[in-house]
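Let's take a walk through a protein model together, one stop at a time. Have the sequence and the 3D view open, and find each spot as we get to it.

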Amino acid sequence: MEAGGLEWLLVPMQQLVSWGAAGAMVFGGVVPYIPQYRDIRRTQNAEGFSTYVCLVLLVANILRILFWFGRRFESPLLWQSIIMIITMLLMLKLCTEVRVSNELNIKRRSFADFDLNYFWHWSKFTDYVQCVLTFTGVTGYITYLWLDSSLFVETLGFLAVFTEAMLGVPQLYRNYQNRSTEGMSVKMVLMWTSGDTFKTVYFILNQAPFQFSICGLLQVFVDIAILLQVYLYSSYPQKPVSHTAHPASTKAL
């Protein structure tokens with residue numbers, strides 16, 4: 001009798017935990033960008049945030065959605081990708097508007113110029129949308145042609161999660177170049193670390209495709225490396241390295 005009563009209590013509790021974990025997976029990934037978005041909007045300064053983060057996450061999540069058509073995984077992971085794409089487009093829109101309003105150079109750059117020197121440094125948000133739609137169309141068509149190939153599908157899945165695992169690398173390299181973490185949101189990195197740790201555990205417990213678990217662990221290691229930079233550069237300040245010979249490198253990151 002007691003066992004039956006306990007089971008009656010545990011079943012809905014397990015269901016609630018399952019729903020909570022799924023909700024955390026869907027929306028948890030975008031939480032770190034909320035304080036960053038508010039800071040940029042308040043200060044009207046987007047210099048501390050690399051829009052290449054948006055590029056990496058857009059590519060990774062578009063590829064993950066295409067991977068879903070070849071190998072169906074849990075729907076919360078699919079919805080997570082959709083929510084993340086919307087969030088990154090909103091971040092791009094804000095960063096572009098702020099950068100253009102503060103830019104003294106009146107020359108405008110567009111996606112249609114096909115100038116690699118100004119790739120992902122365009123003057124209008126619509127240019128980024130055109131680029132994203134072009135990438136989605138091309139990769140979607142290739143996926144449609146090769147959807148029956150298990151090797152292609154598994155490679156696509158690996159590229160999706162590996163690209164996302166490299167998310168923190170531009171920030172890691174930028175910090176190393178500057179010998180400083182000034183302008184970077186430590187809150188955002190802490191949220192990255194906690195979110196990536198939860199995500200990796202979720203992948204392992206729910207037996208997600210192996211690519212997800214391996215690259216999740218890699219992503220956690222990159223997050224920890226950035227946090228170590230915060231400690232080292234704050235405890236042992238170093239003189240910033242001059243990059244006058246390569247002005248484009250700091251601009252890109």
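Is Trp 120 buried or exposed? Trp 120 is buried, because its relative accessible area is 1%, and buried means under 20% relative accessible area, with exposed being over 50% and partly exposed in between (1.4 Å probe, protein chains only). You'll find Trp 120 in the loop between H4 and helix H5 (125-146). Its phi is positive, about 65 degrees, although Trp 120 is not a glycine. Here's some background: most residues other than glycine have a negative phi.

Before going on, a word on what you're looking at. This is a predicted model, in which local features need pLDDT of at least 70 and side-chain atom pairs count only at pLDDT 80 or more, while totals for chains, interfaces and linings use all residues. Residues are numbered from 1 along each chain as its sequence is written, and side-chain values use heavy atoms, with hydrogens and water left out.

Now zoom out. The chain has ten helices and zero strands; here helices (H or I, at least four residues) and strands (E, at least two) are DSSP runs, numbered from the N terminus. Read from the N terminus, the elements go α-α-α-α-α-α-α-α-α-α. Of the 253 residues in the chain, 41% are buried. The chain exposes about 14800 Å², and 68% of that comes from carbon and sulfur atoms; such areas come from the Shrake-Rupley method with a 1.4 Å probe, and for residues only the protein chains shown count as cover. What about contacts, meaning heavy atoms within 4.5 Å? Take the contacts between residues at least 6 apart in sequence: 76% of them join residues at least 24 apart.

Arg 64 is buried, because its relative accessible area is 2%. Leaving aside neighbours within four places in sequence, Arg 64 is in contact with Phe 73, Leu 77, Gln 80, Ser 81, Ala 160, Glu 164 and Phe 212.

Not counting residues up to four places away in sequence, Ser 81 touches Asn 61, Arg 64 and Ile 65. Ser 81 and Val 26 are 55 residues apart along the chain, yet their C-alpha atoms are separated by 7.9 Å.

Next, look at how helices pack. Helix H7 (residues 169-178) and helix H9 (residues 210-235) pack at an angle of about 20 degrees, with their axes 9 Å apart. Axes are lines fitted to C-alpha atoms, for helices over the stretch in contact, and angles run from 0 to 180 degrees between N-to-C directions. H7 and H9 are therefore roughly parallel to each other, since angles under 35 degrees count as roughly parallel, over 145 as roughly antiparallel, 65 to 115 as roughly perpendicular and the rest as oblique. Where they touch, Val 169, Gln 171, Leu 172, Asn 175 and Tyr 176 in H7 meet Val 222, Ala 225, Ile 226, Gln 229 and Tyr 233 in H9. These residues divide into seven nonpolar, three polar and no charged; Ala, Val, Leu, Ile, Met, Phe, Trp, Tyr, Cys and Pro count as nonpolar, Asp, Glu, Lys and Arg as charged, and the others, Gly among them, as polar.

H9 has another partner in helix H8 (residues 186-205), packed at about 155 degrees with the axes 9 Å apart. H8 and H9 are therefore roughly antiparallel to each other. The residues of this contact divide into twelve nonpolar, six polar and three charged.

Finally, visit two loops. Gln 44 lies between helix H2 (33-43) and H3, and has a phi near 55 degrees, a positive value in a residue other than glycine. At 36% relative accessibility, Gln 44 counts as partly exposed. Met 166 lies in the loop between helix H6 (150-165) and H7, and at 25% relative accessibility Met 166 counts as partly exposed. Met 166 and Val 53 are 113 residues apart in sequence and 9.4 Å apart in space, C-alpha to C-alpha.

Conventions. Contact means heavy atoms within 4.5 Å.
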